[in-house]
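This report goes through selected strands, sheets and helix contacts of one protein model.

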Amino acid sequence: MGIDLGTANTLVYVSGKGIVLQEPSVVAIDTETKAPLAVGDDAKKMLGRTPGNVTTFRPLRDGVIADFDTAELMLKHFIERVHEGKQGLIPPRMVIGIPSGVTGVERRAVMEAASQAGARDVYLIDEPVAAAIGAGLPVAEPTGNMIIDIGGGTTEVAVLSLQGTVISESVRVAGDELNESIIQYMKKVHNLTIGERTAEDIKIQIGSAYPTPEIDEGAMDVRGLHLLSGLPRTVSIKAGEIRESMSEPLSMIIDAVKRTLERTPPELAADIIDRGIMLAGGGALLQGLDTLVSHETGIVTHVAADPLSCVVLGTGRVLENFKQLERVFSARSRM
């Protein structure tokens, strides 16, 4: 079983079947009984709409486990969902994708949560390596491959060669920070308070990273709570405003890409110029992001065929070719 345990979404891959589950990493809990009421899609629908005795939260923040018990509970629930109706379940071997910049303690927490949730063996793989394998990059060859994996909580930038990471940088700026910058902009400029879900809808519908005439014509009506009157209000916003509001987190991602390129050995840098940069993760779906990276680095940038699933497809490929790709795990990533 391959798992992409993401800040925003959790995806599960089963050998021979492909991706069998893709749900938001959200849990709804009854605060009085501490019992889980909903996990995944059902819990996400409750975000910002719960009564006082129910809380919805994400057990992962910035790509790492923030609430151990809830993360374990969520993993258990997803594993049971995948194995529904099967008797005499053999504990699965799990390959889990995690951010490359996590500490030893954070790695241990993921392993513990997975083994408590019923795993037989747990292997951890760095997300940029898994994303590169899932995107179809030739990571086993002695050529330089550069990948930018933009998730919900972290952005991973890595240069890979011969099944290993040569240079990598992990910054805790990604999809969540883009949403947060939209929330702050709406508050500051339009005196409108909006929730996380609304901010994400704005980003998906009219968000962009680089100006183009087609994108800039976009506009949408946003409903929220007006700060001055305290009453619900609808405001019309333009695509250009949203791009401007996201400029700070986007420039932090670009800086991480430039720092990684500066530290890349010359031979591998030459390969990257030939082959280009690959964008993966949900953040890669932001309109114009590939153009922005190309413009800032001078290197052709491609978006993976299925950016959201790259990490989980990579974990699946590693499972199915375990002997050939065993070197992608570091010694401290086995249990």
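The model is predicted. E72 is part of helix α2, which spans residues 68–82. Is E72 buried or exposed? Its relative accessible area is 15%, under the 20% limit, so E72 counts as buried. Apart from neighbours within four places in sequence, E72 has contacts with A113, Q116 and A117.

Strand β4 covers residues 27–30, and both of its faces are covered. V27 and I29 are buried on one side, while A28 and D30 are buried on the other. This arrangement can be read against a general rule. In a regular strand, side chains alternate between the two faces of the sheet.

β4 pairs with strand β5 (residues 36–39) in the antiparallel sense, through three bridges. V27 has V39 as its bridge partner in β5. The two strands β4 and β5 make a hairpin, with five residues between them. Within that turn, K34 has a positive phi of about 65°. β4 also pairs with strand β6 (residues 54–57), again in the antiparallel sense, and here there are four bridges.

Strand β9 takes in residues 93–98. Why is β9 described as largely enclosed by the rest of the structure? Five of its six residues are buried, and β9 is therefore largely enclosed. Strand β1 (residues 2–5) runs parallel to β9, and three bridges connect the pair. G2 is placed opposite V95 in β9. β9 is also joined to strand β10 (residues 121–126), in parallel, by six bridges. M94 has V122 as its bridge partner in β10.

| Strand pair | Sense | Bridges | Example |
|---|---|---|---|
| β4 and β5 | antiparallel | three | V27 and V39 |
| β1 and β9 | parallel | three | G2 and V95 |
| β9 and β10 | parallel | six | M94 and V122 |
| β12 and β13 | antiparallel | seven | L160 and T165 |
| β14 and β15 | antiparallel | two | T193 and L225 |

The partner of L160 in β13 is T165.

The other open sheet has three strands, ordered β14-β15-β16, and its pairing is antiparallel. β14 (192–193) and β16 (232–238) are at the edges with a single partner strand each, so one side of each has no neighbour in the sheet. β14 meets strand β15 (residues 219–226) over two bridges. In that pair, T193 is bridged to L225 of β15. Helix α6 lies across β15 and β16, and runs at about 170° to β15.

**Two helix pairs**

Helix α6 (residues 196–206) also packs against helix α5 (residues 175–190), at an angle of about 100° and with the axes 9 Å apart. Angles of 65 to 115 degrees count as roughly perpendicular, so α5 is roughly perpendicular to α6. On the α5 side the contact is made by G175, L178, N179, I182 and I183, and on the α6 side by E196, A199, E200, I202 and K203. By class, five residues of this contact are nonpolar, two are polar and three are charged.

Helix α9 (residues 247–262) and helix α11 (residues 289–297) form another pair, with axes that come within 11 Å and cross at roughly 45°. α9 and α11 are therefore oblique to each other. What is the handedness of the crossing of α9 and α11? The crossing is right-handed. α9 contributes L250, I254, V257, K258 and L261 to the contact, and α11 contributes L289, L292, V293, E296 and T297. Seven of the residues in the contact of α9 with α11 are nonpolar, one is polar and two are charged.

Definitions and conventions
Residues numbered from 1 in each chain as written. Predicted model: local features only at pLDDT ≥ 70, side-chain atom pairs only at ≥ 80, totals over all residues. Heavy atoms only, no water. Axes fitted to C-alpha atoms, helices over the stretch in contact; angles between N-to-C directions. Parallel < 35°, antiparallel > 145°, perpendicular 65-115°, else oblique. Left-handed = near helix turned anticlockwise from the far one by under 90°. Contact = heavy atoms within 4.5 Å. Nonpolar A, V, L, I, M, F, W, Y, C, P; charged D, E, K, R; others polar. Buried < 20%, exposed > 50% of the residue type's maximum accessible area, 1.4 Å probe, protein only. Pairing = 2+ DSSP bridges.
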